[in-house]
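Student: I am new to this structure and would be grateful for a close look at a single part of it. Please begin with the overall setting and then turn to one helix.

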Amino acid sequence: MTGRRRKRSISLPRLLTRPARTGALTAGALMACASLAAGCGIVPGATGGSGDDPITVMTWAPQDTNATNKPGMPAFARAYARWINAQGGINGHPLNVVTCNEHNDSITAAKCARRAVKEGAVAVVGSYSQHGDSFFPVLEGAGIPYIGGYGITNAEFTSPLSYPVNGGQPALLAGLGSALAPRCGPVTLVRPDTIAGDQLPALLDSGLMAGGHEAADDQRAPEDATEYGAQAQRALERATADPLEKGCVVPVLGDRTDTFMDSFRRVREEYPGVRTGTVLGSVDQTTINATGGAAGPYEGSYVTGWYPVASDPRWNGMRQVIREQAFGDNRVDAEDAGVQTTWIAYTVFKGVVEALGDREVTADTVTRALDDGLKVGTGGLTPELQWRFQDKLASVGFPRLVNTDVTVQIVRDGHLVSARKGFVDTTRTLRDADVA
């Protein structure tokens, strides 16, 4: 999350200008990319808006960095385009997906957004970036909607052109706090020493305190460290401070959560037993398998997620895409929350284009359809989604946060399984969060 809340007028969606959009790619650009389509990150096609013209969108995510990487998101987006085009496109429109590596860098994130404008993208779909303050001004200036981001920054829940499909880190942390409150003694949160990480303590504390628990100890850690021995020791010292209660350690370090848990496993034998908890995105089934399954450090951990467990049959559509168009691509994992979010985001985008019918498909028409109250279903993976700028969490600075549901899972016998049936609504908890 970003450290500062962005202030916007609630009437801004109607005040945004819609500049003239970039047209089709130039012939020179097409020729340059023709022999290097994979390197350009493009599923072949051209921009357009009506009839059976191709529709261009962009998906970006960090890759090849020393911190968080989400290569499965753009890889799945390209697989989705191949799958949808094999079926005749969306409403007769071929889908052209342009991808961009934002390198977990604010300057590159803005460059990706400018590239979306240049390519004539009608939306940015199913993407991940911690640098909303860098890319949203570019998208807003061009009137390009951002559909289904990962929910990692405040801007995703404040920008009038953001249409998040999940509750992001706010819902996950609030839900985790609620789940841990009756089960934990002292709680230590280990989180990145970054602007995005600065918001996490208040969110976890909102859930803990709603359950009558004291606030967690906030422990910062480098987001790109290669080991966390000192941080693991400090976390254990705090979590075991009360000999009468079993404490909890909550690492939320993205890709580096696994690195922390490796250090944690080495030093935890020197301390009394503790529980652990984290959020989906910091750990998934692949991570659990790689760290020893039932014999690993995650056994017994509580994990909050946005969606049903990966084995749920509601994911069958996504699995079909992977099976038909990404089989053997180890970047695309059906159990990865980024891949799942990208599937849902493209499901939403497909629903919008279908709702437009014979109307032109542009950034402006996509945005207007969403702003005019279009409801989109996701096959039960989320509640039916509908965005309004003044929504139920506008009073605490999250006017675009429309899906507050989370699932509570537990690692049992090495597998992520549901700890309770159905979804947990975090709306009331988030309303009491001190995120100013």
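How many helices and strands does the protein chain have, and what can be said about helix α13 in particular?

Tutor: This is a predicted model, and its protein chain has 15 helices and 13 strands. The mean pLDDT of the chain is 86, although over residues 1-49 the pLDDT stays under 50. Buried residues account for 60% of the 436 residues in the chain.

Helix α13 covers residues 337-356, which is 20 residues. From its first C-alpha to its last it reaches 29 Å, close to the 28 Å expected at 1.5 Å a residue. Of its 20 residues, 16 are buried, so the helix is largely enclosed by the rest of the structure.

Within α13, Lys350 and Glu354 lie four residues apart, about one turn of the helix. An α-helix has 3.6 residues a turn, so residues three or four places apart point the same way. The two side chains form a salt bridge, with the closest N and O atoms 2.7 Å apart. Glu354 is partly exposed, at a relative accessible area of 38%, and Lys350 is likewise partly exposed, at 25%.

Asp336 meets Lys70 in a salt bridge of 4.0 Å, N to O. Asp336 belongs to the loop between α12 and α13, whereas Lys70 belongs to the loop between β1 and α4, so that the pair, 266 residues apart, links distant parts of the chain. Both Lys70 and Asp336 are buried. Just after α13, Gly357 takes a positive phi of about 60°.

Conventions:
Residues are numbered from 1 along each chain as its sequence is written. This is a predicted model: local features need pLDDT of at least 70, side-chain atom pairs count only at pLDDT 80 or more; totals for chains, interfaces and linings use all residues. Side-chain values use heavy atoms; hydrogens and water are left out. Helices (H or I, at least four residues) and strands (E, at least two) are DSSP runs, numbered from the N terminus. The expected span of a helix is 1.5 Å times one less than its number of residues. Buried means under 20% relative accessible area, exposed over 50%, partly exposed in between (1.4 Å probe, protein chains only). pLDDT is the predictor's confidence in each residue, from 0 to 100. Contact means heavy atoms within 4.5 Å.
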